[in-house]
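Me: I have a structure to go through before I set anything up. Can you walk me through it?
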Amino acid sequence: MKVCYILVFVCSIGAQNLSRTSDFKMLFHANGVLSLAVHLYGTPRFGDLGPGYRSDIVIDTEFARYRNLTFAFLTDASTSIARLPETPVKLDKIRYTLIPSLRYILRKSVINGSLFHQCIHTLSREEDENGSIWWNAIQLGFGTKGAHHSYFVQKYNNRDFSLRNSFDAGISAGYYLHGQAPLIGNNHLYKYDLTGLVRYHFGLFRNQTFFVDVHSRIWYSKEGEITAKLSGEINYVILAFDNIATLYYNHCFWDDNPYDNEYTLGAIGFKVIF
């Protein structure tokens, strides 16, 4: 986590030096997602507590831009809440994500380079004897603008007619850092990963629409083991002036990674996208 803050500080110093040029702009423009879902069915392959609810808070802030290059920082907090016979609400675990990144903006697509930090902490009970789980990875991605959160919101708010019967897609590859320093990682064997998103937009009907997401992720460990996750999500969208509200249904088709496993879970929920 400290590595991410150091990177933000270094980029801030660089921003001050560039601020004298006409091509440089300070943005401080934030987008995000607030969501709450309830699991309807399913039994994960790993986990001490059963499924129940999940809440997510995602904030993606663009700090500065120099020509087509943008410095941004994403924060994400995802909380899993179990639903037990003796206790209707019991906190299970929380997953933090910090991603400082540089984005190069093309006419219809985005190239993204980032440092991906994620940690998982248990709640309402003691951690594993070896402590919490965390990792850091260097990631490089490419995708159409509609697959990237901030531009996706702009497209819908602008009632972009290219969204009718159209696809967006994105892909990223990551290399996980390992070493003796405790900040590098703990309790994981990941070496590489590959993440993909395919998004289909049905079209715009006044202030309503549907879109479907298919998310996939593949991990390759230091021991040569391959694990994967595949999920799909249908979103019914209600458009406002600046924000988007969606009712959604999510189903995890496959998940054999041991961290925050969602195998066979189906959920319905509500999102506010801004």
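This is a predicted model: local features need pLDDT of at least 70, side-chain atom pairs count only at pLDDT 80 or more; totals for chains, interfaces and linings use all residues.

Me: How many bridges join strand 4 to strand 5, and which way do they run?
Reply: There are 11 bridges between strand 4 and strand 5 (residues 109-122), and the two run antiparallel. In that pairing, Arg 95 stands opposite Ile 120 in strand 5.

Me: What about strand 3 and strand 4?
Reply: Strand 3 (residues 69-82) pairs with strand 4 in the antiparallel sense, over 14 bridges. Phe 71 has Leu 102 of strand 4 opposite.

Me: Back to Arg 95. Which residue forms a salt bridge with it?
Reply: Asp 260, with the closest N and O atoms 2.6 Å apart. The two sit in distant parts of the chain, 165 residues apart: Arg 95 is in strand 4 (residues 90-105), Asp 260 in the loop between strand 12 (244-255) and strand 13 (266-273).

Me: Is Asp 260 buried or exposed? And Arg 95?
Reply: Asp 260 is buried, because its relative accessible area is 9% and the cut-off for buried is under 20%. Arg 95 has 19% relative accessibility, so Arg 95 counts as buried as well.

Me: How many salt bridges in the whole structure?
Reply: The search finds 13. One of the pairs is Glu 233 with Lys 271, at 2.5 Å from N to O. Glu 233 belongs to strand 11 (residues 226-239) and Lys 271 to strand 13, so this pair ties together parts 38 residues apart in sequence. Glu 233 and Lys 271 are both buried.

Me: And Arg 65 with Glu 62, what is the N to O distance there?
Reply: 3.6 Å, in a salt bridge between the two side chains. Glu 62 counts as buried, at 5% relative accessibility, while Arg 65 counts as partly exposed, at 25%.

Me: Changing topic. Which residues touch the most other members of the largest nonpolar core?
Reply: Trp 135 and Tyr 156, in a core of 23 residues. At least two residues of this core come from each of strand 5, strand 6 (133-144), helix 2, strand 9 (190-205), strand 10 (208-221) and strand 11.

Me: What does Trp 135 touch?
Reply: Leaving aside residues up to four places away in sequence, Trp 135 touches Phe 116, His 117, Gln 118, Ile 120, Tyr 176, Ile 184, Gly 185, His 188, Tyr 190 and Tyr 259.

Me: Which residues are buried in helix 2?
Reply: In helix 2 (residues 149-157), they are Ser 150, Tyr 151, Phe 152, Val 153 and Tyr 156. Just after helix 2, Arg 159 has a positive phi of about 50°.

Me: Last topic, cavities. How many of 30 Å³ or more?
Reply: Two, from a search of the whole structure.

Notes: Residues are numbered from 1 along each chain as its sequence is written. Side-chain values use heavy atoms; hydrogens and water are left out. A salt bridge is a side-chain nitrogen of Lys or Arg within 4 Å of a carboxyl oxygen of Asp or Glu. Buried means under 20% relative accessible area, exposed over 50%, partly exposed in between (1.4 Å probe, protein chains only). Helices (H or I, at least four residues) and strands (E, at least two) are DSSP runs, numbered from the N terminus. Two strands pair if DSSP finds at least two bridges between them. A nonpolar core is a set of buried Ala, Val, Leu, Ile, Met, Phe, Trp, Tyr and Cys residues joined through side-chain atoms within 4.5 Å. Contact means heavy atoms within 4.5 Å. On a 1 Å grid over the protein atoms alone, a cavity is a set of points where a 1.4 Å probe fits but cannot get out, and a pocket is an open set with protein on both sides within 12 Å along at least five of seven lines; lining residues have an atom within 4 Å of a point. Grid points are joined across faces, edges and corners, and a volume is the space filled by probe spheres set on the points.
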